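User: I have just opened this one and would like a walk through it. Could you start with any term I will need?

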Amino acid sequence: CSRWEEEKKEDGVKWMQLEHRGPYFVPLYEPLPEDVQFYYDGKPLKLSLATEEIATFYAKMLDHEYTTKEIFQNNFFHDWRKEMTSEEQEIIKDLDKCDFREIHKYFVDKNEARKALPKEEKQARTGSCDTFWKLKEEADKIQEEYGYCILDGHREKIGNFKTEPPGLFRGRGEHPKMGMLKKRIMPEDVVINCSRDSKIPEPPEGHKWKEVRFDNTVTWLASWTENIQNTLKYIMLNPSSKLKGEKDWQKYEVARRLKDVVHEIRAQYRKDWKSKEIKKRQRAVALYFIDKLALRAGNEKEEGETADTVGCCSLRVEHIQLHPQLDGQEHVVEFDFLGKDSIRYYNKVSVEKPVFKNLQLFMKNKDPTDDLFDQLTTNFLNKHLQHLMDGLTAKVFRTYNASITLQEQLKALTNPEDSVAGKLLSYNRANRAVAVLCNHQRSIPKTFAKSMQVLQEKIDAKKKQVEEAQEELKKAEDEFEDTKDAKAEANVEKKKKLLKRLEEQLARLNVQATDKEENKKIALGTSKLNYLDPRISVAWCKKFGIPIERIYNKTQREKFAWAIAMAGEDFEF
């Protein structure tokens, strides 16, 4: 793992040399064929190019739940009208009179035709195989030209080197800005970062960069501000690059340091629950929530951020309800608020009595819209965390608690005697415990019912095969009882082996169905990629003889190359 432990640079400096080609801009819009039309109030209407392009964004989403939501429709129509010509604005005044069905059908058919061609047919059809290879060749050429940079003499892979295409903003959860127009990124929006002595990337012909910077204290190669949330977007190195790997490794090392002081921190915030200063009490209760429930700190809002999302420090009185008794438990706090990405956080938690008493005090004489922690700012909390341990933030608590939970759950759930499928089910259950802790949800996939039905059919068919194999074995055993000859004995062994194989296959399918059902509303990927020290998983794989590719796909194995190189089976977080 020497690559991960090369010479260190002076503080703050991330590189000495950085050279790249700049971002790859998505191709310009191709107009629809003449015979594909948009209709307004039942009549065909030829749209200007910019208006037509935005119409295709909406048309492509017609069969999606988003386009049934009023807020999506309103935001889309508002932004679309802004881009129309004045003549179009005069005519198009009502979204309900717009008919995008022909455009929608055009894209669906195009997609179906592409999917319907099996590889052999693609090759049999003259030219279509050539087209396929031409496209692949083109993609490889773009990857080769734009997908790598030179960083301190090493050729490193870039993560997302393409600008995002224009389209309609979706957002997660019930985002108030859904349906708004994501504009096309132009070179004039882009800030380039490289080293002074490098070959500075050329902007596309007829354009110029917003700015060229030479800042070696940051690791991004290019950046721009997207128009919906007004947030900065960056082109970064690929997660498999040395710089990213080191950063990842350091993140988990900070979380491991917390393990040594967490007991003192917990003792300290328990003591502060009784503090004479209300500010300290509020800080101590907030820290308890961050520690126990892995809540995010909740940063101050940017101007123009309209989604009403909160974190721990910005909770309002209306976001919690106190129950002295509930469902057989004492001192229950019922949380209900929109967290990051407008994902609802709903949880009923039994807390320690002093926490409950303090919350009653913090809520006294307040309106529902008042701040619960009115004396507390994220800044005040972060300064305190920094004082407790160098580098400590609310996110470090999340990482620490997620990783510790995974490690403890794996120890509790893994049965060394289980089959590989059984062990993997235990792994996913441990990962699920973390996803629940971190509130990583997803909506049930559209294809869930269908794929579950297919799996159930496979299980039923396999059960039938097992029953048939049991009958076959019984017959073979009876025959051997009668004849006692070697051939009949060999047949019994053969039938036993077949039955065993079929039973294993059935068990595997049953495990798969359980896993699928338990997973339908939980997103395992976020914690796996961002909050769980990969060395815990690598060590578990090595200890129980599970191939790492059963846990991490190729991209994840590249991202966690440092962990795969470092962790032995005895690694403890």
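Analyst: One term comes up at once: a residue is called buried when its relative accessible area is under 20%, and exposed when that value is over 50%. Please also keep in mind that this is a predicted model.

User: OK, how many of the protein's residues count as buried, as a percentage?

Analyst: Of the 573 residues of the protein, 42% count as buried, and the chain is made up with 18 helices and 15 strands among its elements.

User: Let's take a helix then. Which residues of α8 are buried?

Analyst: In α8, which covers residues 278–293, the buried residues are Q282, R283, A284, V285, A286, L287, Y288, F289, I290, D291 and L293. Just after this helix, A294 takes a positive phi of about 55°.

User: And how far apart are the end C-alpha atoms of α8?

Analyst: They are 22 Å apart, and this agrees with expectation, because 16 residues at 1.5 Å a residue should span 22 Å.

User: Which residues have the most contacts inside the largest nonpolar core?

Analyst: Those are L258, F289, F335, L359, F373 and F397, in a core of 72 residues. Both domain 3 (249–390) and domain 4 (402–566) give residues to this core, so it lies between them.

User: What does F335 touch?

Analyst: Leaving aside residues up to four places away in sequence, F335 touches F289, L293, L295, L315, H319, I320, Y345, Y346, N347 and V349. F289 and L293, as mentioned, are buried residues of α8.

User: What does the second core include?

Analyst: That core is separate and has 27 residues, among them Y40, F72, W80 and L181.

User: Switching to strands: in what order do the four strands of the open sheet run?

Analyst: The order is β10-β9-β11-β12, with mixed pairing. At the edges are β10 (211–213) and β12 (232–235), each of which pairs on one side only. On average, and with direction ignored, neighbouring strands of this sheet are turned by 20° against each other.

User: How do β11 and β12 pair?

Analyst: Strand β11, residues 222–225, pairs with β12 in the antiparallel sense over four bridges. Within that pairing S223 stands opposite Y234, while T225 stands opposite L232. The two strands form a hairpin with six residues between them, and N230 in the turn has a positive phi of about 60°.

User: Last one: what share of the contacts with a separation of 6 or more comes from residues 24 or more positions apart?

Analyst: For the protein, such residues account for 67% of those contacts.

Technical notes:
Residues numbered from 1 in each chain as written. Predicted model: local features only at pLDDT ≥ 70, side-chain atom pairs only at ≥ 80, totals over all residues. Heavy atoms only, no water. Pairing = 2+ DSSP bridges. Axes fitted to C-alpha atoms, helices over the stretch in contact; angles between N-to-C directions. Expected span 1.5 Å × (residues − 1). Buried < 20%, exposed > 50% of the residue type's maximum accessible area, 1.4 Å probe, protein only. Core = buried A, V, L, I, M, F, W, Y, C linked by side-chain atoms within 4.5 Å. Domains from an automatic or database assignment. Contact = heavy atoms within 4.5 Å.
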